[in-house]
Amino acid sequence: MTQTAESETKIEQEGTLLSGVRVPFDQSYIAKHKGARYYSVLADVHRYLKPRAYLEVGIRGGHSMALAHCPMIGIDPRFTLDPKFDLEAADRDPPVFLFKMTSDEFFAKNDPLAILGTDCIDFMFLDGMHQSDFLLRDIINSEKFASKNSIIALHDCMPIDIAMTLSRSERLVTPFPVVYPNFWAGDVWRIVPILMKYRPDIKISCMDAHPTGLVLMTNLDSASRVLSDNYEAIVEEMRAMELASIGLSNFAQTIGITSTAHFLGEDNLTTRYSHFAAG
Ligand SMILES: C[S@@+](CC[C@H](N)C(=O)[O-])C[C@H]1O[C@@H](n2cnc3c(N)ncnc32)[C@H](O)[C@@H]1O
């Protein structure tokens, strides 16, 4: 092989970031997560831990919301609920409170504890705008209404290729292969390393839920101001994080991914979250 041919082959096997860093293509994707769908884990949390109040950001058609069996709040500026989930009936029991607005607007104007008639919200699922600054605000705002043993679930924090973290226009020019064209996870992957750094007190479980992972957070602190006090600095820090230069398999190793099999079923959940819904 001539020298030119050799270097051309090398370039075909790696991408160059704007920062000039060259990244091998095999660090730009990993195999599909092998766990159960995230809906199965959410369903088991509702079925076996029996949260007394539920809040969801980003409800779209109501699929994940319909898994709840307690008074619940759903927030989404553009939801269109599938009638089969029967979430919009006025006399529904348990009640469903729907807010057609962004989560920022909801938290600025409403007191979810007063709406739900409870002193804390046992379970929250944050699945709204998949941008890390939005998710950071959703975490800050929702933790205020959590008890220590509440659970906050996050979606899409474990992308399996770089392309699914990029915007549509970025995808057109990315040097990396688009291995899974049907998924979009946004850049919310940045949140888990940030929580590990700034909030080591939160117990974080990352699991291999299909398609882009599920995170469960507990040992929460409604009085903590660490994230809000450092909000601007954290947003800057997140902007500087490049998944391609970290590498997908290194990222997965750093956050530690567990099988959903350890979070499904009554025994697993009641053992892991033994004080859940105990205030
Ligand atoms: C991935 S979908 C939610 C899917 C749903 N949780 C499920 O699992 O079936 C994301 C939703 O977030 C909503 N969304 C976008 N920006 C939002 C915001 N700022 N606040 C709340 N929801 C938002 C979108 O309208 C969309 O319906």
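A residue is called buried if 20 or more other C-beta atoms lie within 10 Å of its own, exposed if 12 or fewer, and partly exposed in between, with C-beta atoms placed from the backbone. Helices (H or I, at least four residues) and strands (E, at least two) are DSSP runs, numbered from the N terminus. This is a predicted model, in which local features need pLDDT of at least 70 and side-chain atom pairs count only at pLDDT 80 or more, while totals for chains, interfaces and linings use all residues. Residues are numbered from 1 along each chain as its sequence is written.

**View 1. Asn250 in helix H11.**
Let us start with Asn250, which is found in helix H11 (residues 248–255). Is Asn250 buried or exposed? Asn250 counts as exposed because it has 12 C-beta neighbours inside 10 Å. Now look for Gln27: it is 223 residues from Asn250 along the chain, yet the two C-alpha atoms are separated by 8.2 Å.

**View 2. Asp86 in the loop between E4 and E5.**
Asp86 lies in the loop between strands E4 and E5. This residue counts as exposed because 12 C-beta neighbours are found inside 10 Å. Asp86 and Val45 are 41 residues apart along the chain, and 21 Å separates their C-alpha atoms.

**View 3. Around the ligand.**
For this view, a residue is near a molecule or strand if its C-beta atom, placed from the backbone, lies within 6 Å of it. Which residues come nearest to the ligand? Of the 17 residues around it, the nearest are Gly58, Arg60, His63, Gly128 and Met129. The shell is made up of 7 nonpolar, 6 polar and 4 charged residues. Here Ala, Val, Leu, Ile, Met, Phe, Trp, Tyr, Cys and Pro count as nonpolar, Asp, Glu, Lys and Arg as charged, and the others, Gly among them, as polar.
Arg60 is partly exposed because 17 other C-beta atoms lie within 10 Å.

Most residues other than glycine have a negative phi, and most peptide bonds are trans. Arg60, however, has a positive phi near 45 degrees. Asp156 is not a glycine either, and its phi is positive at about 70 degrees. You can find Asp156 in the loop between strand E7 (151–155) and H6. Asp156 counts as buried because it has 25 C-beta neighbours inside 10 Å.
Where are the cis peptide bonds in this view? One runs from Asp93 to Pro94, with omega near 0 degrees. Pro94 is placed in the loop between strand E4 (72–75) and strand E5 (96–99). Another cis bond joins His210 and Pro211, where omega is about 0 degrees. Pro211 belongs to the loop between strand E8 (203–207) and strand E9 (214–218).

**View 4. Inside the nonpolar core.**
A nonpolar core is a set of buried Ala, Val, Leu, Ile, Met, Phe, Trp, Tyr and Cys residues joined through C-beta atoms within 7 Å. How many residues does the largest nonpolar core have? It has 78, and the residues with the most contacts inside it are Val41, Ile121, Ile151, Ile152, Ala153, Ile191 and Val215.
Two residues are in contact if their C-beta atoms, placed from the backbone, lie within 7 Å. Leaving aside neighbours within four places in sequence, Val215 has contacts that include Ala153, Leu154 and Cys157.

**View 5. Phe183 and Pro211.**
Phe183 lies in the loop between helix H6 (168–173) and helix H7 (191–198). With 17 other C-beta atoms within 10 Å, Phe183 is partly exposed. Not counting residues up to four places away in sequence, Phe183 touches Met164, Pro211 and Thr212.

**View 6. Phe25 and its partners.**
Phe25 lies in the loop between strand E2 (22–24) and helix H2 (38–49). Why is Phe25 called partly exposed? It counts as such because it has 16 C-beta neighbours inside 10 Å. Apart from neighbours within four places in sequence, Phe25 is in contact with Gln13, Glu14, Gly15, Phe176 and Pro177. Phe25 and Gly15 are 10 residues apart in sequence, with 6.4 Å between their C-alpha atoms.
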